[in-house]
Structure formats: structure tokens, C-alpha cells
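Colleague: I'm new to this one, could you walk me through it? Let's begin with the terms and then go on to the strands and rings.

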Amino acid sequence: MTTVFKRHFNVPIRTALLAGLLALAACNEAADKTPPPPAAKTPGEVVLQADSPKKTYVKIREVAYSRPPTMEPLAGKIAYDENLTSRISSPVAGRVVGQAAALGSQVAAGSTLLELHSPDVADAEADFAKAQAESTLANRAYQRQRELYEGKVVARKDFEQAEDDLQRARSELQRTETRLKNLHLAGRQANGRFALKSPLPGSVVERNVNPGQEVGPDTDRPLFVVSDLSRLSAVLEVFEIHLSKIKVGQQVSVEVPAYPGERFPAVVRYIGQVLDENSRSVQVRCELANPDGRLLPGMYASVTLESDPSQQAIVIPLTAVFTEAESDYVFVATGENRFKQKPIKIGLRLKDQGVVLEGLQPGERLVTEGALVLRAEEDADTQAN
């Protein structure tokens, strides 16, 4: 009887003790998981909560040296490279026969763009044939008169007359032959046809002629424009007050609205020698590589003049800067969700970026967007305290 009582009495006691030990262990574990209190804030520092929605407005970028801009970007326009472009018109009048080279087609130097049936060419061919025949006849007459003169059969004046006729015939033959060469015609050709050829390789970028059309040297617009579009020009107008900042061989970067955020390198190749008195500007042409053909003549462009490669500075977007009491400040990230306000000094200030003279070092993590959000949070913390 006594043994049974002890057994039933000890079971509840052991269960209660075990439950107490488990509860004590759970309390200790919960205490271990309690996050440590945040470090104390210093003046000018902002700490955001880990779940703060304001974090979505804050963008951070590491500060690094780069080539600083020299001035505001200049407005320009993409154009043909004139060294690789030919505007082709017909030197003779005539009617187009057959098909002309298609717009956009690739042509080689010497390729035929169109053929004309031209009365001018027919006349030039006829004049050459006539001059050739007269030269042959005059040469025979000269040879006969020379033999007769040497045999004392004819007078000297008859021989000199034959010699003079031969010189005139040869001069006329040379004139007509030169005319055919200028038209790129063969001397044996006699069909009145004229082939208009491209002097340069490239693409047919403009065509102002159709089959059957009558054309001539006095046409207002060129019949074809052929250009190598793998290299273009960026043309811009530079005001005289900025001429000292640009030189031949200087590196520039070109941006176009079609590809926002992408920059295309170019080089200054020509600076105008005459100042436009109305706009007080000089035309500048930059050589622009276009191997993939994405850039097109006629596109508007924004051209940034690059500084010397040896010049290095910290350039930041002005969205990172806020001004108080005529001084400029930025925020830098100092830790997880922690930001510190820093005064800076800006030198050259452009429309959307500035060159930092003092206050930032490479490697610091700059708040490029959301500085005003952090500044408002700093004011709120100050008022709460």
C-alpha cells in the first residue's frame, strides 16, 4: 500500500519540475534573441529603422575619381562626314534609261548608279570620231607632201601648209579625246549612252531621280548622295567665349535622345576659321565612329567636352546636394541604415552635376538621391528630443 502511494505521488512532482525547467530555458533563449540597443547617434547623423519606407527613396553610390567636365554640354547635330560623302549630279543632259541604284543600297567606288541616253554624249562621240578621221587624213597628206618636198617636186610653202594642217588635226583630236575622258567614256563607244558612277564607296542615302526622267547639269538637287555611314560627324556651334576650352584632337562624348544614358566617343577634327557675327559662334566638327549604324544623320545631339585625361576630380549629381545658410551639404552612408551629414565645397557647377573641391574622398558611399528625405528625418529626430 505504501509503495503504490509513493509512486503516484512522485509522478506529478517530476512533471512540474520538468515544466519549470523548460519555461526557464525558454525565457533565457528569448532574452538572448533580444536585439542590442542601437548605438548612440552623433550630431548630424540619421538612423532609419530597418523597416522604414523612407529607405526606398534613398539611392547610394560609391565616390570615385573621374575626368571632370569643362563646361555645360553643347547642342549639336549628327551629320555626314564630308570626307566620305559625295553628292552626285549628271554632267550631261539626257533621259534616264533602265533602273537607277536603289535607295539604301551599298555601292563600290566606280559602280554605275544610272544610265542616260544623252545627245551631248552622242555629239562628243561623233566629234571624236570625226577628229580621229581628220587626224589620220592630215597625217597622210603630211607624209606625202614631205616626200614630194624632199624630191623637190613641191614648194616649201606647200609642205609647211601640210605640217600646219596636221598640228591642227592632232589638237582637235586631243580636245575631243579629253572631253570623252572627262565624261569617263571610252573612245570606241558610239551609242550615246552615259553611265553615272559613284566616286566613293558607301550607301545610297539620297536619290532624287526616277526612270525616264530628264536630267541635266543644272538640276537643283544632286541625283544621288552616297556616304559611308560607318563614320559620321557631330556638328556644333561654340560661342566665342568658350573657344579657349576646345582644340583639335580633343576628346568629346556625344549623347542622342534615341539612346538615353549612352555616350558615344568622338574627336574634334575641325574648328571654323570664321566667326558668325549674328550668333557669335564658330562651327566645330567632331569625328564620330558609327560601326553598328545606330547613329543617323539628322539626329539631335548633346556634346560634352572632355577634360585632359590627366585631370581627375570627384563629380557628383546635384540631386545629392542640399544647401543651408549658403553652404552645401551631402549625406554619406556610414553603416547599415546610418547616414552622416557632411559639408562640401563645389567648384564648377553645371545643370545637373558639380565638381567637388573639398569634403568627399574616394570610397565614401554618397547618397545620390533622398538627401532631403534624410534631412527631414534629422529635423524630426531633433524636435522629438
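Modeller: A term first: two strands pair if DSSP finds at least two bridges between them, and helices (H or I, at least four residues) and strands (E, at least two) are DSSP runs numbered from the N terminus. This is a predicted model, in which local features need pLDDT of at least 70 and side-chain atom pairs count only at pLDDT 80 or more, while totals for chains, interfaces and linings use all residues. Residues are numbered from 1 along each chain as its sequence is written, and side-chain values use heavy atoms, with hydrogens and water left out.

Colleague: OK, what stands opposite R95 in strand 11?

Modeller: That is E214; strand 6 (residues 94-97) and strand 11 run antiparallel and are joined by two bridges.

Colleague: And which residue in strand 8 is the bridge partner of V96?

Modeller: V96 has L116 as its partner there, and strand 6 pairs with strand 8 (residues 112-117) over three bridges, again in the antiparallel sense.

Colleague: In what order do the four strands of the open sheet come?

Modeller: The order is 9-8-6-11, with antiparallel pairing. Strand 9 (193-197) and strand 11 (214-215) are at the edges with a single partner strand each, so one side of each has no neighbour in the sheet.

Colleague: Which strands make up the closed barrel?

Modeller: Six strands do, running 4-13-16-15-14-17 with antiparallel pairing. On average, neighbouring strands of this sheet are turned by 40° against each other, direction ignored, where the axes are lines fitted to C-alpha atoms (for helices over the stretch in contact) and angles run from 0 to 180 degrees between N-to-C directions.

Colleague: Which residues do ring pairs link into a cluster?

Modeller: Y142, Y149 and F159.

Key:
Phe/Tyr/Trp six-rings, centres within 6.5 Å; stacked < 30°, edge-to-face > 60°.
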